[in-house]
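Open the model in your viewer and keep the sequence panel beside it. This tour says what to select at each stop.

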Amino acid sequence: DLRSEAMHHDRHWYALKSALKRTSWVIADLTLGDIWDSNPWANEKTFRGVITNAIGELALENFILSIEGFWEECLLDISNYHGRVNLIRGWDTMFEKLAEHLGSFSSMKLSPYYKQFESRANDWDDRLNKIRQILEVLLEVQRRWVYLDGIFSGSQDIRHQLPVESSQFDKTTKEFFAIMPKPKASVLLTVTKFASTEKMLPILEKVSRELSSIQRALADYLESQRK
């Protein structure tokens, strides 16, 4: 049982040393004789306690590793839009995985083995929350931009009637294109790399406000035309 892969961290052997009060043990040079001299038969409960704890920690560690591995390898699913810009698709899968993994981190806090991985788990919990926030704003921005592009790019009459908004839309479009996946890099661009770009969220929120303003002006114009 001591040969279990769960006992691969030095901390488990130091915990065993402490529990058995074997002050003479040198972990780096520990021998089978040292184990034998600690009377494992009489101290079986102590040994089992450390091994059980190590097994519990290993299960939690492997689970965290699986989440880290998923997001470090998860590639963006993109589609080219009329040869002008790469748009993101596959939103449902990303949001489902984010909800699943964020829920897992919340559940981990109830585990008796969580303390050992608290810093690491909190770091990923923060990263995934930020990614979700960015993707939620981006999804709304992308949908709104596609809607407005279909109107401003397809109707010269609208551009003539709303020159200020048309100019603003052209400017906002450039800002939007600047943050979207580039054609050459998109094939190998992961979700975490894309959504971890510095200042991504402030830029997206700015673009969102601009598109909302343009859409309101467009709605007012269309309403006046209906009247």
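Here, buried means under 20% relative accessible area, exposed means over 50%, and partly exposed is in between, with a 1.4 Å probe and protein chains only. This is a predicted model: local features need pLDDT of at least 70, side-chain atom pairs count only at pLDDT 80 or more, and totals for chains, interfaces and linings use all residues. Residues are numbered from 1 along each chain as its sequence is written, and side-chain values use heavy atoms, with hydrogens and water left out.

**Stop 1: an aromatic pair**

Select Phe-70 and Trp-71. Rings of Phe, Tyr and Trp (its six-membered ring) pair if their centres lie within 6.5 Å; planes under 30 degrees apart count as stacked, over 60 as edge-to-face and the rest as tilted. The structure holds nine aromatic pairs. Phe-70 and Trp-71 make an edge-to-face one, with 5.0 Å centre to centre and 85 degrees between the planes. Phe-70 counts as partly exposed because its relative accessibility is 28%. Trp-71, at 0%, is buried.

Now select Tyr-81, Trp-145, Phe-152, Phe-169, Phe-176 and Phe-177. Ring pairs link these residues into a cluster.

**Stop 2: the largest nonpolar core**

A nonpolar core is a set of buried Ala, Val, Leu, Ile, Met, Phe, Trp, Tyr and Cys residues joined through side-chain atoms within 4.5 Å. In soluble globular proteins, nonpolar side chains tend to be buried together.

Which residues of the largest nonpolar core touch the most other members? Select Ile-88 and Leu-128: among the 51 residues of this core, they are the ones. Colour by element next. Helices (H or I, at least four residues) and strands (E, at least two) are DSSP runs, numbered from the N terminus. At least two core residues come from each of helix 3 (44-73), strand 1 (77-81), strand 2 (85-89), helix 4 (91-108), helix 5 (118-152), helix 7 (163-179), helix 8 (191-195) and helix 9 (200-226). Helix 5 gives the most, with 14 residues.

Go back to Ile-88 and show its contacts (heavy atoms within 4.5 Å). Not counting residues up to four places away in sequence, Ile-88 touches Leu-76, Asp-77, Ile-78, Met-94, Leu-138, Gln-142, Met-180, Pro-181 and Phe-194.

**Stop 3**

Select Val-85, in strand 2. Val-85 is buried because its relative accessibility is 6%. Beyond four places in sequence, Val-85 is in contact with Ser-79, Asn-80, Trp-145, Phe-177 and Met-180. Draw a C-alpha distance from Val-85 to Ser-119: they are 34 residues apart along the chain and separated by 39 Å.

Move to Ser-104, in helix 4. Ser-104 is buried, with a relative accessible area of 14%. Leaving aside neighbours within four places in sequence, Ser-104 is in contact with Phe-63 and Ile-67.

**Stop 4: Glu-175**

Select Glu-175 in helix 7. Is Glu-175 buried or partly exposed? Glu-175 is partly exposed, because its relative accessible area is 22%. Not counting residues up to four places away, Glu-175 touches Lys-206, Val-207 and Glu-210. Leu-204 is 29 residues from Glu-175 in sequence and 8.9 Å away in space, C-alpha to C-alpha.

**Stop 5: the largest pocket**

On a 1 Å grid over the protein atoms alone, a pocket is an open set of points where a 1.4 Å probe fits, with protein on both sides within 12 Å along at least five of seven lines; lining residues have an atom within 4 Å of a point. Grid points are joined across faces, edges and corners, and a volume is the space filled by probe spheres set on the points.

The largest pocket has a volume of about 280 Å³. To show its lining, select Asp-1, Leu-2, Leu-32, Ile-35, Trp-36, Pro-40, Trp-41, Glu-44, Phe-47, Arg-48 and Ile-51. Helix 3 gives the most, with four.

**Stop 6: two positive phi values**

Select Asn-39, in the loop between helix 2 and helix 3. Its phi is near 55 degrees, a positive value in a residue other than glycine. Asn-39 is partly exposed, at 37% relative accessibility.

Finish at His-82, in the loop between strand 1 and strand 2. Phi of His-82 is near 50 degrees, a positive value in a residue other than glycine. His-82 is exposed, with a relative accessible area of 64%.
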